[in-house]
Amino acid sequence: MFEDRPSEPEWRSWTWVILWLLSIFASIPLARSVEAWVREHLGQHAFGWFVVGVVVASAALAVIAVVRAGARAPVQRRRGSLVWLIGIALVFVVSTATLWSNPEEAMHFVQYGGLGALLHRAFAHRLADRSIYLVAGLGGALIGCLDEAIQWITPMRYFGMRDIGLNGYASVLVQLAIAKGIDPAWIEPSFSTRGLQAVVRAAALFWTLLLVFTLNTPARVDAYASSVVWLQPLADNPSTMVEYGHRYRDPEIGVFPSRLSPEALRLSDEEQGPEVGGLVAGWSGSYDDFLASHPPHREPYAHEFRVHLFRRDANIGRYGRSGDEAARRRYALIAVREDLILRRYFSQALEACGCALGPERQELERVAPRSADYES
């Protein structure tokens with residue numbers, strides 16, 4: 001696919017890119033349902049093993065291609081190519097392992113690794129120098145930004161800067177694999193003027209989008225949503241692009257973020273805690289309905305209390321259902337630390353809703369690693 005310059009019409013290469021993009025975008029509204037089904041029927045780590053399988057299979061195919069083409073290359077070059085291909089495959093596998101507590105996030109590697117490969121093939125019709133790697137990598141990162149922007153306006157989905165990083169990371173790693181592992185002979189070792197112009201344009205657009213995202217705070221969303229009729233639904237969007245709040249460090253808990261300063265959080269617990277706790281106790285709708293009805297930029301205390309409570313209880317449920325001892329320790333750790341956050345910083349709401357843990361807390365504390373770092 002990469003050793004020779006594409007011989008098919010350019011439109012066909014871009015058709016594959018578009019089809020791959022459609023598959024990514026079509027998965028956005030379905031992702032939560034698919035994740036729930038996979039967790040229930042195939043197990044929590046099915047996504048992670050799938051990604052590892054795709055990485056190993058792709059690396060194996062690339063290694064076979066390099067070995068078959070070995071007669072045309074010096075032995076030292078072939079060995080270097082194999083080392084790069086195997087090394088990058090290991091980087092993907094290790095990166096997947098770091099996401100093992102939420103392995104569905106590793107699907108970014110498959111989606112944007114594949115996209116990076118297809119973009120390289122499509123740009124090869126116009127670029128034949130080293131700029132193709134930068135343009136294809138930045139192209140994948142740009143589409144990753146668009147992906148997250150679509151998720152921001154999609155019900156039940158959320159924007160994430162971290163996911164933008166995962167998307168770009170996968171796209172760039174694939175370019176590195178092509179450049180160092182396959183090293184197509186038709187790519188000139190220098191940079192063309194046309195290629196550098198394309199790189200500059202792509203980089204400028206990428207950084208412009210990131211700047212727009214970092215400035216798109218809830219207050220600004222409210223401002224322009226109230227001025228433009230067709231943007232009004234964004235004013236009640238529970239998903240936020242970026243917020244600037246406070247980072248708490250508690251020696252017994254770890255790290256957790258809050259939109260409220262320590263003093264504001266203490267006062268909110270005293271003044272709003274009983275009311276919010278009663279509201280949560282009597283809530284008949286879903287968790288997502290609650291978050292939508294109490295957006296974080298308008299009711300930060302109520303929103304944060306409900307999120308911590310949900311995270312605690314969801315991991316207690318996973319702890320009870322899991323048969324994997326390592327996973328159970330992780331779930332117990334999350335449940336215990338979230339419960340500490342609730343008891344220490346949201347005590348009035350916790351008492352008012354009757355959500356304090358009973359005897360199960362002692363078992364969770366016994367199982368949870370005491371010295372482990374934690375970030376909520």
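This is a predicted model: local features need pLDDT of at least 70, side-chain atom pairs count only at pLDDT 80 or more; totals for chains, interfaces and linings use all residues.

The angle at which α10 (residues 262-281) and α12 (residues 300-321) pack is about 65 degrees, and their axes are 9 Å apart. Their crossing is right-handed.

The residues that make this contact can be picked out on each helix. On the α10 side they are L265, S268, D269, Q272, G273, V276 and V280. These meet Y301, A302, F305, R306 and L309 of α12. Sorted by class, the contact between α10 and α12 is made up of seven nonpolar, three polar and two charged residues.

Rolling a probe the size of a water molecule over the atoms shows where empty space is left. With a threshold of 30 Å³ or more, the count in this model is one cavity. The volume of the largest cavity is about 70 Å³. It is lined by 13 residues, and those closest to its centre are P218, V221, N237, S239 and T240.

Which helix gives the largest share of the lining of the largest cavity? That is helix α9 (residues 218-227), from which three residues come. By class, the lining of the largest cavity holds six nonpolar and six polar residues, together with one charged residue.

Definitions and conventions:
Residues are numbered from 1 along each chain as its sequence is written. Side-chain values use heavy atoms; hydrogens and water are left out. On a 1 Å grid over the protein atoms alone, a cavity is a set of points where a 1.4 Å probe fits but cannot get out, and a pocket is an open set with protein on both sides within 12 Å along at least five of seven lines; lining residues have an atom within 4 Å of a point. Grid points are joined across faces, edges and corners, and a volume is the space filled by probe spheres set on the points. Helices (H or I, at least four residues) and strands (E, at least two) are DSSP runs, numbered from the N terminus. Ala, Val, Leu, Ile, Met, Phe, Trp, Tyr, Cys and Pro count as nonpolar, Asp, Glu, Lys and Arg as charged, and the others, Gly among them, as polar. Axes are lines fitted to C-alpha atoms, for helices over the stretch in contact, and angles run from 0 to 180 degrees between N-to-C directions. A crossing is left-handed if the near helix is turned anticlockwise from the far one by less than a right angle, and right-handed if clockwise. Contact means heavy atoms within 4.5 Å.
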